[in-house]
Amino acid sequence: MANVGIVIVSHSPKIAEGAADMVRQMVGDSVNLAYAGGDPGGGLGTSVPSIRDAIDRAWSEAGVAVLVDLGGAETNSEMAIEMLDAERRDRVVVCNAPIVEGAVMAATEASGGSTLEAVRRTAEELSPQ
Amino acid sequence: MTPEHLHKLIVAVADAVIAHADELTELDQAIGDGDHGVNMRRGFEAVRADAAATAEKPLPDALKAIGTQLVMKVGGASGPLYGTLFLALGKTIAPDASNIAAAFAAAVQAVEARGKSHPGQKTLLDVLAPVQAALADGGPHLPARLPIVAAAAADATVPMLATRGRASFLGERSIGHMDPGARSSALMIASLCRALEELDLG
């Protein structure tokens with residue numbers, strides 16, 4: 001069984017890329033990792049097509065955990081997930097966690113072969129309950 | 001509704017949003033991240049560019065096509081929110097628009113679910129919900145009355161405290177500014193109603 005994949009979605013392409021670099025340093029190539037940042041015009045923001053592409057790139061049969069920064073990143077990620085094929089849609093979750101810490105923790109959990117639900121739980125432990 | 005009529009309606013709404021993009025940006029700079037005008041202009045320029053092809057489709061498909069474009073092109077939270085509004089309208093509406101009140105109610109519900117929000121949080125829902133209520137009440141001269149309802153509802157967001165969206169980060173400082181999403185919703189409703197009146201389709 002493949003490891004859960006990780007997608008990082010930020011309004012800023014630099015934050016998305018930088019967070020992905022930190023994840024890569026932690027887990028190497030043991031998890032599929034992709035990021036999306038910036039709006040369809042290249043400014044700060046998020047874009048449904050680029051999030052969908054990132055999910056495709058990070059795809060794993062074990063599912064994909066998505067880490068987001070602010071509101072629109074979450075809403076656009078949820079929209080992108082809904083537009084996936086039915087058999088993939090239920091295997092992608094948006095984690096309610098801080099983007100950098102959440103991505104690193106989620107990827108570390110994923111690299112040990114944990115389920116999508118366990119990966120999400122580990123990331124979300126970082127959020128105030 | 002003929003394709004010519006539908007084309008006029010699409011262009012009217014798109015032009016209104018594009019023409020007011022700077023105003024939307026200014027409102028968003030006060031209490032948000034300042035991208036609402038730019039995002040909405042990008043989305044509606046795409047809608048406008050495809051208006052002729054979209055208008056050839058049956059009404060439900062045309063609305064879904066507009067919703068998809070907004071989802072793909074707008075970026076920001078307003079893309080999925082307005083995209084969902086149009087997609088949900090397209091899913092429910094009859095080709096002759098005879099069930100517009102019910103379809104609009106379903107679409108507003110879908111926007112609430114997408115935004116995990118409800119009226120009273122200083123968002124576009126504070127315009128969409130009262131418009132939906134007026135539409136459900138029915139009666140004569142709706143295209144003349146709905147823009148008034150929408151404008152008053154947008155004005156009523158000024159004293160509200162934002163509890164959803166980027167403006168909620170400002171807490172009390174969000175009070176005293178009109179919500180940009182409420183303004184864009186009111187604009188779209190006003191331009192649509194005006195075009196319906198001009199076409200005598202009210």
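I looked up strand S1 (residues 5–10) of chain A in this predicted model; S1 pairs with S2(A) in the parallel sense over five bridges. I took strands as DSSP runs of E with at least two residues, helices as runs of H or I with at least four, both numbered from the N terminus; two strands pair if DSSP finds at least two bridges between them. Ile8(A) has Tyr35(A) in S2(A) as its bridge partner.

I then checked what packs on the sheet. Helix H1 (residues 13–27) of chain A touches S1 and S2 of chain A, and its direction makes about 165 degrees with that of S2(A). Contact was taken as heavy atoms within 4.5 Å. Angles run from 0 to 180 degrees between N-to-C directions of lines fitted to C-alpha atoms, for helices over the stretch in contact.

I went through the residues of H1(A). Gly28(A) follows H1(A) with a positive phi, near 55 degrees.

I noted that local features need pLDDT of at least 70 and side-chain atom pairs 80 or more, while totals for chains, interfaces and linings use all residues. Residues are numbered from 1 along each chain as written, chains are lettered from A and ligands numbered from 1 in written order, and side-chain values use heavy atoms without hydrogens or water.
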